[in-house]
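Please look at the structure shown here together with the briefing below, which is meant for someone meeting it for the first time.

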Amino acid sequence: MGDHHHGPAKGLSRWLFATNHKDIGTMYLWFSFAMFLVGGAFAMIIRAELFQPGMQLIRPEFFNQMTTMHGLIMVFGAIMPAFVGLANWMIPMMIGAPDMALPRMNNWSFWILPPAFLLLLATMFMPGGGPAFGWTFYAPLSTTYAPPSVTFFIFGVHILGLSSIMGSINIVATVMNLRAPGMTYMKMPLFVWTWFITAYLLIAVMPVLAGAVTMMLMDIHFGTSFFSAAGGGDPVLFQHVFWFFGHPEVYIIILPAFGVVSQIIPAFARKPLFGYDSMVYATASIAFLSFIVWAHHMYTVGMPIAGELFFMYATMLIAVPTGVKVFNWITTMWRGAMTFETPMLFCIGFVVLFTIGGFTGLMLSIAPSDFQYHDSYFVVAHFHYVMVAGAVFSMTAAVYYWLPKWCGKMYNETMGKTHFWISFIGFNVTFFPQHFVGLAGMPRRIPDYALQFADFNMISSIGAFIYGASQLLFLYNVIATIVGGKPVSDEKVWEGAEGLEWTVPTPAPFHTFATPPQVR
Amino acid sequence: MATQETAAHEEYYVPEKSGMAVSATIGLVMSIFGAANVLNDMTFGEPGAESNSWTILIAGLFWFIGTLFVWFRSTIRENLAGMNSGQLKKSYVLGMFWFIFSEVMFFFAFFGALFYVRVLVGPWLAGEGEAGAMNHLLWGGFEFNWPMMQTPQEAVGGVAGQAIANNGEFTSPGTSMAFSEVSHWYHWLPLWNTIILLSSSVTVHIAHLGLLKGDRKQFNLWLGITVTLAIIFLYIQYVEYYEAYAHFGLTLNSGIYGSTFFMLTGFHGFHVAMGMTMLLIQLIRSLRHGHFTSDDHFGFEASSWYWHFVDVVWVGLFLFVYIL
């Protein structure tokens, strides 16, 4: 067994052959940021084309590839791996474990991601172009009418699913098995709780996605008729299977974000989290409800009225546990000794903007009015409020919050705050007008639009360029911190921060908690 | 016991750096790259064109399986060398448990598709309710029965009679796999397969009991019987598929009945083959190397859990694909 206190290996093998949760977490985080920039570049192309009505820069087929790839890369390449990276870094340190439970599998979960995305990006250079059927890849667009590259897309999705399932099994095993003595379930930090529940969601729904793409594969290459009415199947079957995965997926993305915010707000309000128990139960309720609301994405496909009603009421129920969370965050801040460092700013931005996204979600949950909103820019605005201002803002907050612990250097606060305000303004300028063009009837996923939408689209595009540029400032700030930031040596970087990760030295040593701490 | 547990905590084993993951990635990516090209050559390529897709696929598979072999071998050696703490062993148990759960969810997708089609889509296509209002325009004359012996396409006279765009030819099966189609109950292969698979769950349990009381002979014998039953099951499955294609006119093209039948039984059969391989490896480990003791035999236990899972899925298949 030998020496437990060996340091990191030298050179490339440190990363290729990594078994250390911190190294693997770092790789996940950098990979996801690279994907965030790629997906962001695609978004810039989309907004540049929509800057004015008419076809300016790209052809419609390429526009469709851009919307598809932007969605796929942001969901599967940027947001999900970012939170897995955060889980890798933080969960062992938060529960007093020496590492993840299954370190070699952990390495494999990461290393199959980059080739999968290379394959996905390579499809754009294949005959017939890349996937152009939207990130939801509805049949028959993705089967009968798909380009040949769809086969590579399908296998790419299989690999992403494999990676997610292995990563989740690892997290479940770590949380169940490696908690320090005295760390009972109801003492776990909320970030650990939200990831614990997220991991269950992933293990439950990624195989269903694998089933959906396998049915596509069989329909394309082996003449089955899952999504073909002529053979007795149904294209709508695809939507049911996809959204049975897709709706829990939405919570897979947002639950870890809830966890991050629940760690950061108490730290800067200098008060314990209000209603810890109710936060845990609310998270579990949201996870449960996420399995029985999927068809609210498809109110307009012609479901029986009983189905519409069931999915409508079940969807509205989600507002209850979500409301519990929002009120708990606000109550945590109430009469706290608050300061507004960059992580806190991003978290408050999260609470405000995520709540707006939640309310537009409630509007969309009403089946009769959804017939008006369906597939309009209102939907685009809604999910960007929860995906960008929800998941991405909280992820950014997490990086600013834990970066000093990771690398032992403090980021530039002025630059961080500037990043926040430019992001906040840029984000709202981009997406707030999209509510109105959507309600006025502009459909999503189109390269050209009617003249009356011109002004708001131009505003939207300008906002997108501002938001996109602000991410480069973020990248610069992070690199400048790692290379030459002001060293910090306090174990507790933030005055109000609580938790085991703040009891280890700063920067966190390669191996932490070789002997488990006793939690009282 | 308490002191032991504390000790296990302190001696947590973090493996040295390992090249296994990267090697497995290379094998996996080669395999799927080759597989995707094989499929695209088949569907979109020019017939008879030169291609090295198969070579890439097979080389990738060899690389992948070889890596897994080395990976599992080193895991086994670490355990035999006493490097695995009680805590790590529990992590393996949790890992296997949740892996099997993910497999359950994979089958759930296909069972879900089957139920959706049988309960809702079929009647709608045949004109039932509001959703079926277009029946006379699209699939006039189509009647829904399960097993679906005539596809909507053939009900309107084939592709030529179709009112909507053509996305393939879907023939009707000549004969279904249901019980009503056979002349004698003992001609019905699924029944035999059910008996075989259910008894194999019992035999693998008897092998486990033998191991628990330290009876190596009982273990080897009953595990060997289990593997034999698994091979017989796979053979019967093969015969059934052969009959379906050669005499029943039931193929992957036979509409949604053929699709769900072959996908559900096919994926189940693949999992049986996987489980059989796992059990066979445990048998070889026991016979050749004398592995496993009454209190340390996770490799066998995990394989037997997997085997019970495969068995339970078959019960679902037997009920919903063959009987009901």
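Just after helix α14 of chain A, Gly441(A) takes a positive phi of about 110°; helices here are DSSP runs of H or I with at least four residues, strands are runs of E with at least two, and both are numbered from the N terminus. This is a predicted model, in which local features need pLDDT of at least 70, side-chain atom pairs count only at pLDDT 80 or more, and totals for chains, interfaces and linings use all residues. Residues are numbered from 1 along each chain as its sequence is written, while chains are lettered from A and ligands numbered from 1 in the order in which they are written.

**Chain A as a whole**

- The secondary structure of chain A comes to 15 helices and two strands, and the C-alpha trace of the chain spans about 65 × 50 × 45 Å along its principal axes.
- Among the contacts in chain A with a separation of 6 or more, 83% are accounted for by residues 24 or more positions apart, a contact being two residues whose C-beta atoms, placed from the backbone, lie within 7 Å.

- Arg445(A) is placed in the loop between α14 and α15 of chain A, and its phi is near 60°, a positive value in a residue other than glycine.
- Arg445(A) counts as partly exposed because it has 17 C-beta neighbours inside 10 Å.

**Other places in chain A**

- Val326(A), in helix α10 (residues 305-333) of chain A, is partly exposed, since 18 other C-beta atoms lie within 10 Å.
- Leaving aside residues up to four places away in sequence, Val326(A) touches Val351(A) and Thr355(A).
- In the loop between α10 and α11 (342-365) of chain A, Arg335(A) has a positive phi of about 60° although it is not a glycine, and Arg335(A) is exposed, with 9 other C-beta atoms within 10 Å.
- Gly484(A) lies in helix α15 (residues 454-484) of chain A and counts as exposed, because it has 9 C-beta neighbours inside 10 Å.
- The peptide bond from Thr506(A) to Pro507(A) is cis, with omega near -10°, and Pro507(A) is found in the segment after β2 (486-487) of chain A.
- As background to these entries, most residues other than glycine have a negative phi, and most peptide bonds are trans.

**Where chain A meets chain B**

- The contact takes 61 residues from chain A and 62 residues from chain B.
- On the side of chain A that touches chain B, at least two residues each are supplied by α1 (13-16), α4 (103-111), α6 (150-177), α7 (190-221) and α8 (235-269) of chain A, and the largest share, 11 residues, comes from α7(A).
- By class, this side of chain A has 40 nonpolar, 18 polar and three charged residues, with Ala, Val, Leu, Ile, Met, Phe, Trp, Tyr, Cys and Pro counted as nonpolar, Asp, Glu, Lys and Arg as charged, and the others, Gly among them, as polar.

**Chain B**

- The domain assignment of chain B gives domain 1 (16-83) and domain 2 (88-324), with bounds that come from an automatic or database domain assignment, and the C-alpha centres of these two domains lie 26 Å apart.
- Helix α4 (residues 86-125) of chain B has 40 residues and reaches 57 Å from its first C-alpha to its last, close to the 58 Å expected at 1.5 Å a residue.
- A kink of about 45° in α4(B) is centred on Val117(B), and just after α4(B), Gly127(B) takes a positive phi of about 100°.
- The peptide bond from Trp146(B) to Pro147(B) is cis, with omega near 0°, and Pro147(B) is found in the loop between α5 (135-138) and α6 (152-155) of chain B.

Terms used: Expected span 1.5 Å × (residues − 1). Bend = angle between axes of the 7 residues up to and from the residue. Buried ≥ 20, exposed ≤ 12 C-beta atoms within 10 Å, placed from the backbone.
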